[in-house]
Amino acid sequence: MASAQLLRIGELSKRSGVSPELLRAWERRYGLLRPERSPGGLRLYTPADLERVRVMQQHLAEGLAAAEAAALASGATKDEEPVLLPASTRRELAEALERFDEPDAQAILDRALAVSTVDGFLGEIVLPYLEELGDRWEQGEVSVAQEHFASSVLRGRLLGLARGWGRGMGPLAILACLPGEHHDLGLISLGLSLRARNWRIAYLGQDTPVETLGEAARLLQPSFVILSAIGTDCVAPALPELRALARRFRVALGGAAAASSDLKGTRILALTGDPISEADRVTALVQEQAAR
């Protein structure tokens with residue numbers, strides 16, 4: 001390429017309106033810029049670099065995250081490795097689910113899974129989408145029917161990913177919702193994150209009697225019994241039996257009730273973070289105990 005067409009970073013900054021510091025950050029983090037080198041080792045940028053910067057600015061102005069904007073601006077071809085674009089994927093998923101289009105929703109989930117780890121799929125697609133769905137339901141932007149349909153499709157997909165999660169040689173976790181609790185998508189997500197960390201999962205499901213938990217724990221001798229509840233009204237009636245269970249096994253409570261319930265003196269661990277970070281936390285606790 002003729003040298004007259006090559007730009008130093010100062011000129012690239014002047015033409016694009018983006019500071020040199022930000023341009024360097026985009027080059028380092030996202031590979032947006034692909035400079036050539038002068039004989040003296042100086043970075044020289046091409047008109048294609050300038051065009052990518054302008055396209056990225058356009059996508060940022062449309063509200064895309066920087067990583068997504070950079071991926072689109074880079075113009076990935078079919079021969080390049082696919083890139084997960086979380087915000088646009090969630091938007092497409094929401095549109096499909098809100099029009100009750102299960103085949104299209106499944107195809108979107110297929111594409112996301114093809115280019116993502118389990119943690120990435122949960123942390124960038126499923127969990128943020130569910131949070132957005134709950135907010136939109138509270139604001140009246142989606143109907144009860146749409147919320148139920150979306151939850152049903154995602155629950156089926158997550159349980160499909162969970163097939164075989166009881167196999168292996170890693171630590172065992174019993175997962176269950178407390179009596180009266182039917183919201184289990186967060187609990188299933190936690191189980192999938194634990195499975196990605198080599199745990200085995202025994203899933204008892206929704207609305208599980210506490211005596212059933214005790215029977216399963218005595219039989220399976222798990223490293224953790226992990227429970228879930230949204231409202232404290234599910235926790236209070238079960239608390240005496242949970243206290244007794246926690247004297248024999250490591251017990252944790254997740255879901256919104258974990259933050260709002262008084263668990264002091266119960267030996268029950270409150271899991272108040274997202275499923276991925278709490279999977280790391282639970283794993284670290286078991287590893288620390290095994291190292292003693």
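Arg-91 is partly exposed at 43% relative accessibility; buried means under 20% relative accessible area, exposed over 50% and partly exposed in between, with a 1.4 Å probe and protein chains only. The model is predicted: local features need pLDDT of at least 70, side-chain atom pairs count only at pLDDT 80 or more, and totals for chains, interfaces and linings use all residues. Residues are numbered from 1 along each chain as its sequence is written, and side-chain values use heavy atoms, with hydrogens and water left out.

**Arg-91**
- Helix α5 contains Arg-91 (helices are DSSP runs of H or I with at least four residues, strands runs of E with at least two, numbered from the N terminus).
- Between the C-alpha atoms of Arg-91 and Glu-241 there are 43 Å, and the two are 150 residues apart along the chain.

**Aromatic pairs**
- The structure has 2 aromatic pairs (ring centres of Phe, Tyr or Trp, the latter by its six-membered ring, within 6.5 Å; planes under 30 degrees apart are stacked, over 60 edge-to-face, the rest tilted).
- Phe-100 and Phe-149 pair edge-to-face, at 5.2 Å centre to centre and 65 degrees between the planes.
- Phe-100 sits in the loop between α5 (86-98) and α6 (102-114) and Phe-149 in helix α8 (residues 144-161), so this pair ties together parts 49 residues apart in sequence.
- The pair of Trp-165 and Tyr-203 is tilted, with 5.8 Å centre to centre and 55 degrees between the planes.
- Trp-165 belongs to the loop between α8 and β3 (172-177) and Tyr-203 to strand β4 (residues 200-205), so the pair links parts 38 residues apart in sequence.

**Exposure of ring residues**
- Phe-100 is partly exposed, at 41% relative accessible area.
- Trp-165 is buried, at 9%.
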